[in-house]
Amino acid sequence: TLGPDVVDVGGLTGKGMFTYDPGFVSTASCESQITYIDGNNGILLHRGYPIEQLAEHSDYLETCYLLLYGELPTKAQKEEFVKTVTHHTMVHEQLAHFFNGFRRDSHPMAIMCGVVGALSAFYHDSLDITDDNNRQVAAFRLIAKMPTIAAMSYKFSIGQPFMYPDNSKGYAENFLHMMFGVPCEPSNVSPTLAKAMDRIFLLHADHEQNASTSTVRLAGSSGANPFACIAAGIAALWGPSHGGANEAVLEMLEEIGDVSRIDEFVARAKDKNDPFRLMGFGHRVYKNFDPRAKVMKEAADDVLAELGVDDPLLAVAKRLEEIALSDEYFISKKLYPNVDFYSGIILKAIGIPTSMFTVIFAVGRTVGWIAHWHEMISGSYRIGRPRQLYTGHTQRDYLPLDKR
Ligand code: ACO
């Protein structure tokens, strides 16, 4: 029933089953063959392959192929795919001028929303989504150009010249080259850091119908072009409850500052009158350890050991993790550290500025967004149109200004 306070002005009654599910906690919006999650048992499979195996044996571009085409590539297919993606890493030169319209202190995610959406103004041949070849080229372009645009956002913010992609380098290595290289010096990207970066992209590649992916599907269901849909996904990702959490984790660790202050923040997280939450803890689907967090934690340990990083914030993070894992509140609510808790730590160790954390998530997630968009467009689908429970006024007559 609609309840005593709800008025049926939307014509909802008498039309069969109608569910009210705020936050879509128990409503499937589509069928999908891409990613499987068992949140109670901490399982994440891409096209059937466990994330742990992919993180150990595969790499980001191979995982992109798997997500897009449903199978791991043969050696020849992989070479061809890497070559094709690499071919598309440059952006239209005119796009570089677009950056000058932004303030230098813009958040890089704000720039990403604008510039990625603007790709539809440059690659007109990708706009006809009825053609499968066009859709594939759009996928190649997005996967290839996202690191370039991401690095340009950073370079713009610090006033350094843009670095062109160096297509002799691997995907993650090239990204770090564009982020930290300067034109007058030879580029020298550490293989350890390139591997860690690749793993971060891989671990973020897809996660079924999260807020940003659902946004991409919803935008796509109206027939919007792929660049516009991915820009919508980037906007949804930016929020601190989603991709913005990795940035928020670091800000929180900085705010805590010292191990001696952890108890105070844990108490605040438990206080229902305080809106503060421990960032990087909890997940809508995982009520057990996020399997990506396990891999990310190992990667964080490796990177920190190899780099010999000694950062006081890491001590805060480690202690926070211990407390949360043994505290009754967190145990009873099944609040485990999520992938963003550890990715922020690795990114900081690599030297990535905090404001770029969510951008890096967006780079990795692009393939998931495009795979879901492609899956939807290639099958039969309807425009997404959620309904609502109307709780506003019943019908009333307009009052002229002098009578109000
Ligand atoms: N710290 C303290 N308490 C928390 C936290 C947290 N991080 N997360 C959830 N809770 C509590 C809530 O207060 C709530 O308590 P109640 O039952 O007494 O009301 C209970 O746990 C359930 O929380 P919900 O908000 O209902 O859970 P939901 O599934 O809607 O939210 C979310 C999941 C958004 C991830 C939440 O756990 C959160 O805000 N975490 C911090 C932000 C974060 O790390 N986000 C990254 C998600 S992972 C990703 O995007 C890759």
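Gly364 sits in helix H17, which spans residues 357-378; helices here are DSSP runs of H or I with at least four residues, strands are E runs of at least two, and both are numbered from the N terminus. Please keep in mind that this is a predicted model: local features need pLDDT of at least 70, side-chain atom pairs count only at pLDDT 80 or more, and totals for chains, interfaces and linings use all residues. Residues are numbered from 1 along each chain as its sequence is written.

**Around Gly364**

Gly364 sits in helix H17, which spans residues 357-378; helices here are DSSP runs of H or I with at least four residues, strands are E runs of at least two, and both are numbered from the N terminus. Please keep in mind that this is a predicted model: local features need pLDDT of at least 70, side-chain atom pairs count only at pLDDT 80 or more, and totals for chains, interfaces and linings use all residues. Residues are numbered from 1 along each chain as its sequence is written.

**Around Gly364**

- Gly364 counts as buried because 26 C-beta neighbours lie inside 10 Å. A residue is buried if 20 or more other C-beta atoms lie within 10 Å of its own, exposed if 12 or fewer, and partly exposed in between, with C-beta atoms placed from the backbone.
- Apart from neighbours within four places in sequence, Gly364 is in contact with Ile200, Phe201, His204 and Ala205; contact requires C-beta atoms, placed from the backbone, to lie within 7 Å.
- Between Gly364 and His283 there are 19 Å in space, C-alpha to C-alpha, and 81 residues in sequence.

**The annotated residues**

- An unreviewed UniProt entry lists His283 and Asp340 under "active site". They are spread over 58 residues of sequence yet cluster in space, with a largest C-alpha distance of 10.5 Å. UniProt positions follow the numbering used here, feature names are shortened, and annotations may be inferred rather than shown by experiment.
- His283 belongs to the loop between helix H12 (262-270) and helix H13 (291-307), and is buried because it has 23 C-beta neighbours inside 10 Å. Leaving aside residues within four places in sequence, His283 is in contact with Asp290 and Asn338.
- Asp340 is placed in helix H16 (residues 339-350), and its 30 C-beta neighbours inside 10 Å make it buried. Not counting residues up to four places away in sequence, Asp340 touches Ala245, Asn246, Val249 and Gly280.

**H11 against H16**

- Helix H11 (residues 245-256) packs with H16 at an angle of about 70°, the axes being 8 Å apart. Axes are lines fitted to C-alpha atoms, for helices over the stretch in contact, and angles run from 0 to 180 degrees between N-to-C directions.
- H11 is therefore roughly perpendicular to H16; angles under 35 degrees count as roughly parallel, over 145 as roughly antiparallel, 65 to 115 as roughly perpendicular and the rest as oblique.
- From H11, Ala245, Asn246, Val249 and Leu250 meet Asp340, Phe341, Ser343, Gly344 and Lys348 in H16.
- By class, four residues of this contact are nonpolar, three polar and two charged. Ala, Val, Leu, Ile, Met, Phe, Trp, Tyr, Cys and Pro count as nonpolar, Asp, Glu, Lys and Arg as charged, and the others, Gly among them, as polar.

**H6 against H7**

- Helix H6 (residues 132-158) and helix H7 (residues 171-180) pack at about 20°, with axes 8 Å apart, so H6 and H7 are roughly parallel to each other.
- Pro147, Thr148, Ala151 and Tyr154 of H6 make the contact with Asn174, Phe175, Met178 and Met179 of H7. Six of the residues are nonpolar, two are polar and none is charged.

- Helix H2 (residues 60-69) is mostly covered, with eight of its ten residues buried; among them are Tyr60, Cys64 and Leu68.
- Ser26 lies in the segment before strand E1 (35-38), and counts as exposed because it has 7 C-beta neighbours inside 10 Å.

Note on methods: Contact = placed C-beta atoms within 7 Å.
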